[in-house]
Every structure is written in structure tokens, then in C-alpha cells.
Amino acid sequence: MAAATGDPGLSKLQFAPFSSALDVGFWHELTQKKLNEYRLDEAPKDIKGYYYNGDSAGLPARLTLEFSAFDIYGNP
């Protein structure tokens, strides 16, 4: 509530742009899925990734996609 009144002690929520990091295993798994399972199907697929913003100041946050990105119901 104090932020709405202009309290300088509270910081505002800000957007932090991120950069993506695609692991080599992600590309290999995508190739296998496209050749053997998806084939000509171009429908969107659910995948999982990891977002991390705990790096040093000045470094962008990262969205990482690994080989396990397609295993959304399996082990984390």
C-alpha cells in the first residue's frame, strides 16, 4: 500500500529481459522428436525450461532449455 502513496523506501516491480540458453542436448532431442514422432505435425508442443535471475548485476537472466525439456510429465 505504501508504494501506491509514493513511498521512496519501496522499489517498484520491474521487467528483467532475459537471454535464452539452448543446450546441445535440446537440439538433439528436438531433431529426434521431429523425425520420429512429430513428423509433419506443426502443432505447438508443451516443453519445460528453467528461468534463473540470480547472476551478478549487469548480467541478463537466463531461460535454459535442456534435453529434458520435452519430458514435461517426468522427473524434474
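Throughout these legends, contact means heavy atoms within 4.5 Å. The model is predicted, and local features need pLDDT of at least 70, side-chain atom pairs count only at pLDDT 80 or more, while totals for chains, interfaces and linings use all residues. Residues are numbered from 1 along each chain as its sequence is written, and side-chain values use heavy atoms, with hydrogens and water left out.

**View 1. The protein chain as a whole follows the pattern β-α-β-β along its sequence.** One helix and three strands make up this pattern, where helices (H or I, at least four residues) and strands (E, at least two) are DSSP runs numbered from the N terminus. Of the 76 residues, 14% count as buried, buried being under 20% relative accessible area, exposed over 50% and partly exposed in between, with a 1.4 Å probe and protein chains only. Among the contacts with a separation of 6 or more, 55% come from residues 24 or more positions apart.

**View 2. Strand β3 (residues 61-65) pairs with β1 and with β2.** Strands are taken to pair if DSSP finds at least two bridges between them. With β1 (residues 18-22) the pairing is parallel and runs over five bridges, and Leu22 has Leu65 of β3 as its bridge partner. With β2 (residues 50-52) the pairing is antiparallel and runs over three bridges, and here Tyr50 stands opposite Thr64.

**View 3. Thr64 and Ala61 both lie in strand β3.** Thr64 is buried, with a relative accessible area of 18%, and, leaving aside neighbours within four places in sequence, Thr64 is in contact with Ala21, Gly49 and Tyr50. Ala61 is buried as well, with a relative accessible area of 7%; not counting residues up to four places away in sequence, Ala61 touches Pro17, Phe18, Ser19, Tyr51, Tyr52 and Asn53. Of these residues, Phe18 is 43 residues from Ala61 in sequence, yet their C-alpha atoms are 4.5 Å apart in space.

**View 4. Asp23 caps the N-terminal end of α1, and Arg39 comes just after the helix.** A side-chain oxygen of Asp23 lies 3.1 Å from the backbone nitrogen of Gly25. Arg39, placed in the loop between α1 and β2, has a positive phi near 50 degrees although this residue is not glycine. Most residues other than glycine have a negative phi. Arg39 is exposed, with a relative accessible area of 54%.

**View 5. The largest nonpolar core has five residues, Phe26, Tyr38, Leu65, Ala69 and Phe70.** Such a core is a set of buried Ala, Val, Leu, Ile, Met, Phe, Trp, Tyr and Cys residues joined through side-chain atoms within 4.5 Å. Leaving aside neighbours within four places in sequence, Ala69 is in contact with Phe26, Asp46, Ile47 and Lys48.

Note on methods. Polar contact = N/O pair within 3.5 Å; in protein donor to acceptor, adjacent residues only side chain to side chain.
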